[in-house]
Structure formats: structure tokens, C-alpha cells
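Here are some friendly notes to read alongside the model. Please keep the 3D view open and find each residue as it comes up.

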Amino acid sequence: MLARCTARSLASPARLFSTSAARHTKVAVLGAGGGIGQPLSLLLKADPLVSSLSLYDIRGAPGVAADVSHVDTPSEVHGYPADKLDNALDGVEVVVIPAGVPRKPGMTRDDLFNTNASIVRDLASSIGRVSPKAHILVISNPVNSTVPIVASTLAKAGVYDPKRVFGVTTLDVVRAARFTASVAGVHPNETPITVVGGHSGATIVPLLSQSVHGKNIKGEAYEQLVYRIQFGGDEVVKAKDGAGSATLSMAYAGAKFTSALLRALNGEKGVITPTFVESPLFKDKGIDFFSSNVELGVNGVERIFPLGHVSVEEEKLLEACFPELKKNIEKGRAFIDNA
């Protein structure tokens, strides 16, 4: 029952009850033994478009795989230890990367850079060698830097396709909907919010003015809402008191984005969601990667949408976003270029 309910919450009813044959997909989770990886693996096991699940980590993945494999959905699950990364990647079409260390109290996402940058680089290198056509979904923070690291690593290997590399910013979208609904006193389904920019602090820009309910939130309430969307992760880090970061909500968001991509790969039209990709929108400002609404398709990125009308307040948020985001991107690129 849990698996069925979870699948319904992450996927569209039309897809679940379609009579047409679904295209099933082999998915790998790299970092499956961690705080995000374990619940993410469970949620993906419940996704009807996942036919095979490869779970990899430097420790614990075979145990997670054995546990998750008992869930009563048709997909096959295989766990791989540290020395079997190539086996885990063989034949996969979608790779989700939550690997890395979590944030602790007082840490920013940039504090994670030195450790997670190396982890993501090495995983990207293996993906480029074993499954160069795979779609890569990067969760490991700092996403503003790790996505350029993946792109640069694949480019060095001669296999980079910008349509197939995504930074998962869905947690910002999930938080924006939930927090806005709370302020407006409505159901979160009524408050979809487009969140653009990047995936940390001031680089997160919620376009509340484009929401029927969000545009009515003004003054101090608006400022508090924007701050909570931008720094919601700090709430969780503080509340867990050194025991971790936003793992469960991130797993949910990661599964939600993965489900959206799988639906698009399966041929569903009109699958649109914000994600951090190589983008032309602000390349004139030296910003090569940006999160905005993206239509997903059978080849990955189908179309990148412009921001549309933004309010004066949002223009200010964007101006604050640009220099920080540019710095984050350059830091990721430099990590590979200077290696």
C-alpha cells in the first residue's frame, strides 16, 4: 500500500492509468547508502517507470538494495559495493547522484565543496566512460558548482551533452509551494511557484509574482517568505542538531524530479519543471548555468523558457543572485580546469 500511495504522489494520474505501454528505465543511485540515498531509493522503487534500480555506495549499498528489493513493485534492485561502480553504471539511462557529505550546523553549501567536488568529479568520470549517454541528475551540494564540475568532466572526456545534465533544484520548488500555501491558507497544489537562479541562499529566486496566491503576499510577510524559501535548509540543519541536513524532503524532491524526467523520456508531453542546466538566458552576464522552467523530452532538455514578467522585488533578488551564482559556477569549472 505504501509503495502504491507513494507512486501516486510522485506521478500524474494520467500516466498511472494509461492503457498504453510504458517505457521502463534502468536507474542508478550513486550514494544510495546515505541519508538522502536510502529514502530516495525507496521512492524510486515505487516508481512504475523504473524497471531496474542499481544502488551504489562506498558502504552499505548491498544492504539497502536487499531491504528495498522486498517492496512489492516489479522493478529489480541490485546493490554494488565500492569496487563495483562500473557494474552499477552498466546500461543505465538515468543516474541520480546524492553522494557526498551532508551539511552540519554552521556550514554553508560552499563549505562542502572540497569534499563533494572530488566525489562528484570521480563519479562523473566513471559515468562518462561507462554510460556516456545517461541522463545525470546532480543532487550533491553545492549544486551551483557540482553541475559545472560534471559538465566540465564530461567535456574533457568528449562526451558532454548539455541536454542530459541536470541540477536538481526541486527542493526549492517544493518548499516554495509548501511555505506559500501556509501563508496563503490554501492547499500546496494551489501554489505552484517557479523558482529560478541557483540552489543556495541568495541564488534561490522564487517568482511569487507569477502565482495567484503568491502575488498577494506583501511587505514583511513577503520578505519572511522569500527568506524561508532561500534558507529553509538551515531550519532542518539546526533542528537536527548536528545529526544531518534535509535528507527526507530532498529525497522526496529528488524522486519527484526523477519521475518528471522518466515521464518525459516515456514520451509524455508538456513536462515542465525548474532545473539547473546549461542555459542561454544569462550567458551575456557570464552565467552559463541557470535554473528556470525547462520542458523535458525524450532527449532530456527540450526547451528552456525565459523568466517572463518579474516584479521589482524579484529584479532585486536576481541582481543579488547573479554575482554569487557566477562565482559558484566559476569555482566548479576551475576545479576541473586546474586539476
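1. Let us begin with a pocket. The second largest pocket is lined by 36 residues, and those nearest its centre are P98, A99, G100, V101 and P102. A pocket here is an open set of points on a 1 Å grid over the protein atoms alone, where a 1.4 Å probe fits, with protein on both sides within 12 Å along at least five of seven lines; lining residues have an atom within 4 Å of a point. The space in this second largest pocket is about 670 Å³, a volume being the space filled by probe spheres set on the points, with grid points joined across faces, edges and corners.

2. A word on the model itself. This is a predicted model, in which local features need pLDDT of at least 70 and side-chain atom pairs count only at pLDDT 80 or more, while totals for chains, interfaces and linings use all residues. Residues are numbered from 1 along each chain as its sequence is written, and side-chain values use heavy atoms, with hydrogens and water left out.

3. Which helix gives the most to the lining of the second largest pocket? It is α6, with four residues. Helices α6 (113-130), α8 (170-184) and α9 (219-240) each supply at least two lining residues. Helices (H or I, at least four residues) and strands (E, at least two) are DSSP runs, numbered from the N terminus. By class, the lining has 15 nonpolar, 14 polar and seven charged residues; Ala, Val, Leu, Ile, Met, Phe, Trp, Tyr, Cys and Pro count as nonpolar, Asp, Glu, Lys and Arg as charged, and the others, Gly among them, as polar.

4. Now follow α8. The expected span of a helix is 1.5 Å times one less than its number of residues; for the 15 residues of α8 this gives 21 Å, in agreement with the 21 Å between its end C-alpha atoms. Its buried residues include L171, V173, F179 and A181, where buried means under 20% relative accessible area, exposed over 50%, and partly exposed in between (1.4 Å probe, protein chains only). Among the elements covering the buried residues of α8 are α9, α10 and β9. Just after α8, G185 has a positive phi of about 75°.

5. Compare α10 (residues 248-265). This helix has 18 residues and reaches 26 Å from its first C-alpha to its last, close to the expected 26 Å. Of its 18 residues, 14 are buried. G267 follows α10 and has a positive phi, near 105°.

6. Leaving aside neighbours within four places in sequence, T275 is in contact (heavy atoms within 4.5 Å) with residues including F166, T169, F257 and V294.

7. Finally, look at charges. Side chains of opposite charge can pair when their charged atoms come close. A salt bridge is a side-chain nitrogen of Lys or Arg within 4 Å of a carboxyl oxygen of Asp or Glu, and the count by this rule is eight. In one of them, R333 pairs with D288, with the closest N and O atoms 2.7 Å apart. This pair links distant parts of the chain, 45 residues apart: R333 is in helix α11 (residues 312-337) and D288 in the loop between β9 (271-278) and β10 (289-297). R333 is partly exposed at 24%. Another salt bridge joins R164 to D161 at 3.2 Å between the closest N and O atoms; R164 is buried at 17%, whereas D161 is partly exposed at 27%.
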